[in-house]
Amino acid sequence: MVPLLAGLSVLQLISGTVLETFEATLLQYPALLVLLPVQIGTAGNLASIMCSRLTTQLYLGTYEPRLSNPDVRANVIAVFALAGTVFGLVGVAAWAIGVALGGDLGLARVLLVSILSGMLLAVVVVIASVVAVEVSYRVGLNPDDTTIPIVTNVCDITGVLILFAVVSVVV
């Protein structure tokens with residue numbers, strides 16, 4: 001596990017470097033400053049839930065990494081439903097806090113950034129979770145030990161990239 005964790009730590013450094021390049025944008029729009037950690041944390045939580053459910057299915061013998069599998073399909077639908085709900089609420093909360101901090105970014109833009117980046121992150125969550133479970137199992141590692149650190153790091157890194165890609169288009 002040490003090489004895996006070391007590699008993931010290096011990827012986190014890269015994510016921090018990308019984050020630093022958008023410091024001026026975050027300071028200009030307080031709503032985005034509030035939105036960033038919540039978006040990333042929520043995506044990591046969704047990925048952890050998905051991995052735990054897939055790993056349970058693997059141990060029960062009901063797991064097949066196909067959308068034709070009703071259990072996998074139900075998990076994918078649940079991730080997208082949760083993402084749509086949570087990222088919408090997070091967008092409203094970030095906007096309100098941003099306004100309280102003197103920001104002038106409108107509610108529609110903050111909601112668009114939050115929901116669009118959140119739904120794109122949900123795609124990453126589903127793909128990363130399935131791949132992490134599959135690869136861990138196939139190489140003989142316990143998916144309970146490996147998948148959550150992998151997917152949370154992937155969501156941190158891609159979360160920063162996706163959020164700022166959406167911000168650069170919308171704002």
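Cys51 is buried, at 1% relative accessible area; buried here means under 20%, exposed over 50%, and partly exposed in between, with a 1.4 Å probe and protein chains only. This is a predicted model, in which local features need pLDDT of at least 70 and side-chain atom pairs count only at pLDDT 80 or more, while totals for chains, interfaces and linings use all residues. Residues are numbered from 1 along each chain as its sequence is written, and side-chain values use heavy atoms, with hydrogens and water left out.

I will stay with the cysteines for a moment. The structure holds zero disulfides, a disulfide being a pair of cysteine sulfur atoms within 2.5 Å. Cys51 is in none, and the nearest cysteine sulfur, in Cys155, is 8.5 Å away.

Next, the core. A nonpolar core here is a set of buried Ala, Val, Leu, Ile, Met, Phe, Trp, Tyr and Cys residues joined through side-chain atoms within 4.5 Å. The largest one has 43 residues, and the members that touch the most others are Leu32, Met50, Val113 and Val125. Helices H3 (30-60), H4 (70-100), H5 (107-138) and H6 each supply at least two residues of this core. Helices in this talk are DSSP runs of H or I, at least four residues, and strands are runs of E, at least two, numbered from the N terminus. Which helix gives the largest share of the core? That is H3, with twelve residues. As general background, nonpolar side chains tend to be buried together in soluble globular proteins.

Take Val125 as an example. Leaving aside neighbours within four places in sequence, Val125 is in contact with Ala43, Leu46, Ala47, Met50, Val79 and Cys155; contact means heavy atoms within 4.5 Å.

Thr147 is found in H6 and is buried, at 2% relative accessible area. A polar atom of the Thr147 side chain lies 2.6 Å from the backbone oxygen of Pro143. The rule for a polar contact is a pair of N or O atoms within 3.5 Å; within protein, one must be able to donate a hydrogen and the other to accept it, and residues adjacent in sequence count only if both atoms are side-chain atoms. Beyond neighbours within four places in sequence, Thr147 is in contact with Cys51, Thr55, Ala132, Val133 and Ser136. Asn153 is also in helix H6 and counts as buried, at 13% relative accessibility. The Asn153 side chain reaches the backbone oxygen of Pro149 at 2.8 Å. With neighbours within four places in sequence left aside, Asn153 is in contact with Leu8 and Gln12.

On to the aromatic rings. Rings of Phe, Tyr and Trp (its six-membered ring) pair if their centres lie within 6.5 Å; planes under 30 degrees apart count as stacked, over 60 as edge-to-face, and the rest as tilted. The count comes to one aromatic pair. Phe22 and Phe164 form that pair, stacked at 4.1 Å centre to centre with 0° between the planes. Phe22 sits in the loop between H1 and helix H2 (23-28) and Phe164 in helix H6 (residues 143-170), so the pair ties together parts 142 residues apart in sequence.

Then the charges. A salt bridge is a side-chain nitrogen of Lys or Arg within 4 Å of a carboxyl oxygen of Asp or Glu, and the count by this rule is one. The side chains of Arg138 and Glu134 meet in a salt bridge at 2.8 Å, N to O. Both are in helix H5, four residues apart, which means a separation of about one helical turn. Arg138 counts as exposed, at 66% relative accessibility, and Glu134 as buried, at 16%.

Last, a glycine. Gly98 has its place in helix H4 and counts as buried, at 2% relative accessibility. Apart from neighbours within four places in sequence, Gly98 is in contact with Pro30, Ala31 and Gly103. Gly98 and Val110 are twelve residues apart along the chain, with 9.6 Å between their C-alpha atoms.
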